[in-house]
Amino acid sequence: MPSITQALSQIGKATLFATEFAQDLYLYAKYCGISPFQSGKKKLYYKMIIETHAIEKGLSLANPRMLFGRQKITTVMRYVRRYGINSNDMPVQMAIGALQTYLAAHRAAGITDPMLDDIETFLIDRRTGSGGLRHFPAGLLQQDISGGLLLARRFSCRMFAQKPVDRETLERIVALAQTAPSQCNRQATKVTFYSDRKLIAELLSLQAGASGFSENVTSLLVVSYDLAAWGGAQQRNQGYVDASLFAMNFMLAAYAVGVATCPLNLAVRHGVERRIKRAGSIPDDQRLVMMIALGWPASDGLKAAASPRRPVSEILTVVEGV
Ligand SMILES: Cc1cc2nc3c(=O)[nH]c(=O)nc-3n(C[C@H](O)[C@H](O)[C@H](O)COP(=O)(O)O)c2cc1C
């Protein structure tokens, strides 16, 4: 039987859990991208990026389906018109670049369609935008890597050669990724690797963000963390922080040894998380953070979504002393 003090302490801890989660809920509900309390312009800003990125991603596949994403194209043009087509803001420039690339690819393939004419009209008098594709005619460049451009050169790859990553290379990447910092050096991040094509197909069908290139993925990683390393309401999201730092380090380490990667979200419900764990032999006491598709990059015509970045001024706030 716990003493009164212990019981009160446990009630206190449980209450803290409830109040902390309730505050997560409050903040999220108030400021998320579907909240009526959030600024319409800000919501449009992110919606343009998200929809346009789907177009860039489609273009970056090895063999894009012609006239793909009709609905998204129309939506992007509508959003841009609503936001202001003359704006220099990053999402507008990204949309213009992606539509230019889309149009050029279809015209080069001799395709005609009223939607392409609409895009052409939409793009009249526009300078070259920032979205679209990046091309890598020489694959991953070793001199760029050793020249310190590793961070700037990494990209999300959706075109892989059909040879899985071997055990030795994988262990090398994991060992390098382990240089990632972690809170109190807990190292609670775990990675589970798969190269069985049937299992990869099953896991990716549960993930659902790799359609269009999932059949191309020969090696897959699930990044998770051990819940046992964390305690108390305040620490409820810290496993995600450490695992994300590890995942980033993993992707850079992979690039450094010539292996390309694509992070894959695991924004899934608990039911799907449980199915992924069961299919992927991951223990119940781990939380899933993300998947990473990895492999040797395709040797011919390697390309990737441009994924332009926002200006530093939109990201960085410097607070001067008073
Ligand atoms: C946590 C996370 C989840 C992602 N999920 C997906 C995904 O499900 N499918 C996909 O094709 N790309 C996914 N991406 C890749 C992003 O689209 C990509 O990182 C972004 O456009 C920046 O491009 P870059 O990685 O080439 O610099 C994800 C990226 C992150 C960080």
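The structure is a predicted model, in which local features need pLDDT of at least 70 and side-chain atom pairs count only at pLDDT 80 or more, while totals for chains, interfaces and linings use all residues. Residues are numbered from 1 along each chain as its sequence is written, and side-chain values use heavy atoms, with hydrogens and water left out.

Ten salt bridges were counted, a salt bridge being a side-chain nitrogen of Lys or Arg within 4 Å of a carboxyl oxygen of Asp or Glu. In one of them, Arg-70 pairs with Asp-113, with 2.8 Å between the closest N and O atoms. Arg-70 belongs to helix α3 (residues 70-83) and Asp-113 to the loop between α4 (90-108) and α5 (114-123), so the pair ties together parts that are 43 residues apart in sequence. Helices (H or I, at least four residues) and strands (E, at least two) are DSSP runs, numbered from the N terminus. Asp-113 is buried, at 14% relative accessibility.

Glu-273 forms a salt bridge with Lys-277 (3.9 Å, N to O). These residues lie four apart in helix α10 (residues 270-279), a separation of about one helical turn, and both are buried. Glu-273 also forms a salt bridge with Arg-287, at 2.9 Å between the closest N and O atoms. Because Arg-287 lies in strand β5 (residues 286-295) and Glu-273 in helix α10, this pair ties together parts 14 residues apart in sequence. The relative accessible area of Glu-273 is 5%, whereas Arg-287 is partly exposed at 21% relative accessibility.

Technical notes. Buried < 20%, exposed > 50% of the residue type's maximum accessible area, 1.4 Å probe, protein only.
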